[in-house]
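Welcome to this short tour of a protein chain. Have the sequence and the 3D view open as you read, and follow the residues as they come up.

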Amino acid sequence: MNISVTTLWTMGKQNSVGRDNIEYRIQNVYASLLRINDWIAFGILREETAIKPDREITLQIHQKYARYLDFDQDLKGSNNLEERLRELNAWHETTRIKPATATIEAKYSVLLHNHDFGTLIALYNSTNVRPRFASEDRQRLQKEYTMLLGNDWFDELRELQRVTGIKPDRRIVQREYNRMAREGDSSSIKTIAGITHITPELSETSVQKGYATILLHLNRGNYRQNYFSCSLDRRRLKRDIRRFRRITGIDPTEEFLQEVYPLFAKEDLTIDPR
C-alpha cells in the first residue's frame, strides 16, 4: 500500500479533495489489497473509512471466494484445505461480504458426488451454510449412508447427518440393525441408535443368529484371556451375553443357555448369564 489509511482518510476531510475522489481512491486500494491477498489491511481500511467496497470490488471478492472453493485448482500459498477455508473466512469477516450461498450449495453437490465427506463437513463448519440437496442428491446421500453403515464408519455418519440435517432412511437403518444383530454386534446397534435416534426393530431370527455367532466366536477361541492363553475369559463372555440381551431385548433360547451355562466355573454358577 503506497498511501496509508490515515493519510487517505485525512485527505478525504480536506476541502481540496471531494468525497467522490476519496471513495475512488479507496476502491483502488481495495483492489490492490485483493490482488496481494491482504485481508488485514482491507479490514482496517474499511473500518477506518467506513467506505463499503463498490460493486466491482464486491464482484472480485465473490470471484476470490469461487477460487478458494475450487479445491481442484492450485492456489499459491493456499493449497491446504484448512488454509483455504481460513482465508475465505478471514475475507468474509473483514469485507462483511458473505460467499454466495448458491456457490457453496453447488460445491456441496460436487463433494457429495465425489464421496469427499471430509471437505463437505469442513466447508459447512467454515461457512455455516447448510446443504440444500435436490431430490437426486438426497437419494445419493441415502446411498452414502448405506455405505457408511455397511463399513461401520460411524463418525462420518454422525457428522454427515449433523451437517445435512437429513437422517438415514429408516429402512436402511433397520436393515443394518438386523445385520449387526446377526453378527452379535450389540455395541454397533447402540451406537447407531444414539446417532440416528431410530429405535431398533429386530427380528427374533436375527437376534438368535447373533447368539449363535457369540457361540461361534467362543468355539474359535475368541474368548481366550489373552493371545497366548487357552483359558476361557468367562467374565467377558458373560458380559457380552448380558449386553446383547439388554440391547436387543430378546432372550436367548434354552438350547443356547444349555451350551453356555456349563462353561462357567462352580463358583460362578450363582450368576445366571441371563
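## Terms and ground rules

A salt bridge here is a side-chain nitrogen of Lys or Arg within 4 Å of a carboxyl oxygen of Asp or Glu. For charge, Lys and Arg count as positive and Asp and Glu as negative, while His and the chain ends are not counted. Buried means under 20% relative accessible area, exposed means over 50%, and partly exposed lies in between (1.4 Å probe, protein chains only).

This is a predicted model, in which local features need pLDDT of at least 70 and side-chain atom pairs count only at pLDDT 80 or more, while totals for chains, interfaces and linings use all residues. Residues are numbered from 1 along each chain as its sequence is written, and side-chain values use heavy atoms, with hydrogens and water left out.

## The overall fold

The protein chain has 14 helices and zero strands; both kinds of element are DSSP runs numbered from the N terminus (helices: H or I, at least four residues; strands: E, at least two). Of its 274 residues, 43% are buried. Contact means heavy atoms within 4.5 Å. Among contacts between residues at least 6 apart in sequence, 60% join residues at least 24 apart.

## The nonpolar core

In soluble globular proteins, nonpolar side chains tend to be buried together. A nonpolar core is defined as a set of buried Ala, Val, Leu, Ile, Met, Phe, Trp, Tyr and Cys residues joined through side-chain atoms within 4.5 Å. The largest one here has 64 residues, and Phe42, Tyr108 and Leu120 have the most contacts inside it. Helix α2 (residues 19-36) gives the most to this core, with seven residues.

Which residues does Leu120 touch, not counting those up to four places away in sequence? They are Tyr108, Leu111, Leu112, Phe133, Leu160 and Val163.

Asp137 sits in helix α8 (residues 135-150). Asp137 is buried yet has no salt bridge, and the nearest side chain of opposite charge, Arg140, is 4.8 Å away.

What does the side chain of Asp137 make a polar contact with? Its partner is the side chain of Ser109, at 2.8 Å. A polar contact is a pair of N or O atoms within 3.5 Å; within protein, one must be able to donate a hydrogen and the other to accept it, and residues adjacent in sequence count only if both atoms are side-chain atoms. Leaving aside neighbours within four places in sequence, Asp137 is in contact with Ser109, Leu112 and His113.

## Helix α5 and what follows

Helix α5 (residues 81-95) has 15 residues and reaches 21 Å from its first C-alpha to its last, close to the 21 Å expected at 1.5 Å a residue. The expected span is 1.5 Å times one less than the number of residues. Buried residues in α5 include Arg84, Glu87 and Trp91.

After α5 comes Arg96, whose phi is positive, near 65°. Further on, Ala100 is found in the loop between α5 and α6 (101-113), and Ala100 is partly exposed, with a relative accessible area of 30%. Ala100 and Ala66 are 34 residues apart in sequence and 8.9 Å apart in space, C-alpha to C-alpha.

## Salt bridges and helix α10

The model has twelve salt bridges. In one of them, the side chains of Glu201 and Arg170 meet at 3.1 Å, N to O. Glu201 lies in the loop between α11 (186-196) and α12 (204-219) and Arg170 in helix α10, so the pair ties together parts that are 31 residues apart in sequence. Both are partly exposed, Glu201 at 48% relative accessibility and Arg170 at 43%. Gln174 also lies in helix α10 (residues 170-182). Gln174 counts as buried because its relative accessibility is 9%, and its contacts beyond four places in sequence are Ile198, Thr199, Pro200 and Glu201.

Asp169 and Arg171 form another salt bridge (3.0 Å, N to O); Asp169 is partly exposed at 26%, whereas Arg171 is exposed at 65%. Arg239 and Asp240 also pair, at 3.2 Å, N to O, with Arg239 partly exposed at 41% and Asp240 buried at 15%. Finally, Asp152, Glu176, Arg179 and Glu183 are linked in a network of salt bridges.
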